[in-house]
Amino acid sequence: MKYAVVKPLFKKGDKSKTSNYRPISILSFFSKILEKVMFNQLQNHLNIHKILTKEQFGFRSDLTTNNAIYKLVNEILKCFK
């Protein structure tokens with residue numbers, strides 16, 4: 001579904017050296033919209049049917065990896081009490 005046009009983007013330095021360029025991918029707006037719609041539908045389905053465990057933190061709204069680190073540290077500290 002995704003088709004990207006890869007273009008070199010100049011960073012700095014000598015323009016004749018290829019190491020001074022980085023690739024960027026140009027995607028169509030349609031693929032970006034379709035991806036967002038599919039993500040929202042999948043996330044909604046997973047939340048409604050409670051498929052993901054409470055320990056799944058990444059890529060979920062209001063459950064960042066910072067929350068995972070906080071929970072891990074608290075669990076470790078509980079073991080020392």
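Reader: Why is Asn20 called buried?
Author: Asn20 has a relative accessibility of 15%, and buried means under 20% relative accessible area, exposed over 50%, and partly exposed in between, with a 1.4 Å probe and protein chains only. Asn20 is therefore counted as buried. The model is a predicted one, in which local features need pLDDT of at least 70 and side-chain atom pairs pLDDT 80 or more, while totals for chains, interfaces and linings use all residues. Residues are numbered from 1 along each chain as its sequence is written, and side-chain values use heavy atoms, without hydrogens and water.

Reader: Where is Asn20 placed, and which residues does Asn20 touch?
Author: Asn20 is in the loop between β1 and β2; strands (E, at least two residues) and helices (H or I, at least four) are DSSP runs, numbered from the N terminus. Leaving aside residues up to four places away in sequence, Asn20 touches Leu9, Phe10, Lys11, Lys12, Gly13 and Asp14, where contact means heavy atoms within 4.5 Å. For Asp14, a polar atom of the Asn20 side chain lies 2.7 Å from the backbone oxygen.

Reader: What makes the approach of the Ser31 side chain to the backbone oxygen of Ser28 a polar contact?
Author: The distance is 2.9 Å. A polar contact is a pair of N or O atoms within 3.5 Å; within protein, one must be able to donate a hydrogen and the other to accept it, and residues adjacent in sequence count only if both atoms are side-chain atoms. Ser31 lies in helix α1, residues 29–48, and counts as buried because its relative accessibility is 7%.

Reader: How do you know that Lys78 forms a salt bridge with Glu75?
Author: Their closest N and O atoms are 3.7 Å apart, and a salt bridge is a side-chain nitrogen of Lys or Arg within 4 Å of a carboxyl oxygen of Asp or Glu. The structure holds one salt bridge. Lys78 and Glu75 are three residues apart in helix α2, so about one helical turn separates them. Lys78 counts as exposed at 54% relative accessibility, whereas Glu75, with a relative accessible area of 37%, is partly exposed.

Reader: What makes a surface patch of Ile69, Leu72, Val73, Ile76, Leu77 and Phe80?
Author: These residues form a nonpolar patch with about 630 Å² of accessible area together. Patches are made of residues with over 30% relative accessible area and no salt bridge, with like charges joined within 9 Å and nonpolar side chains (Val, Leu, Ile, Met, Phe, Trp, Tyr) within 5 Å. Leu77, one of the patch residues, is in helix α2, residues 65–79. Its relative accessibility of 48% makes Leu77 partly exposed.

Reader: Why is the protein chain called more spread out than a compact globule?
Author: The chain has two helices and two strands, which run β-β-α-α from the N terminus on. Its radius of gyration is 21 Å, well over the 12 Å that the globule rule gives for 81 residues, so the chain is more spread out than a compact globule. The radius is taken over C-alpha atoms, and the rule is 2.2 Å times the number of residues to the power 0.38. Along the principal axes, the C-alpha atoms fill a box of roughly 60 × 35 × 15 Å.

Reader: How much of the protein chain counts as buried, and what area does the chain expose?
Author: Of the 81 residues, 7% count as buried. The chain exposes about 7600 Å², and carbon and sulfur atoms supply 63% of it; such areas come from the Shrake-Rupley method with a 1.4 Å probe, and for residues only the protein chains shown count as cover. Among contacts between residues at least 6 apart in sequence, 13% join residues at least 24 apart.

Reader: Why is Phe59 called exposed?
Author: Phe59 has 80% relative accessibility and therefore counts as exposed. Phe59 lies in the loop between α1 and α2. Not counting residues up to four places away in sequence, Phe59 touches Phe39 and Gln43.

Reader: What is the phi of Lys50?
Author: Lys50, although not a glycine, has a positive phi of about 50 degrees. Most residues other than glycine have a negative phi. Lys50 is placed in the loop between α1 and α2 and counts as exposed at 69% relative accessibility.

Reader: How far apart are Lys17 and Lys50 in space?
Author: From C-alpha to C-alpha they are 52 Å apart, and in sequence 33 residues apart. Lys17 is in the loop between β1 (4–10) and β2 (21–27), and with a relative accessible area of 48% it is partly exposed.
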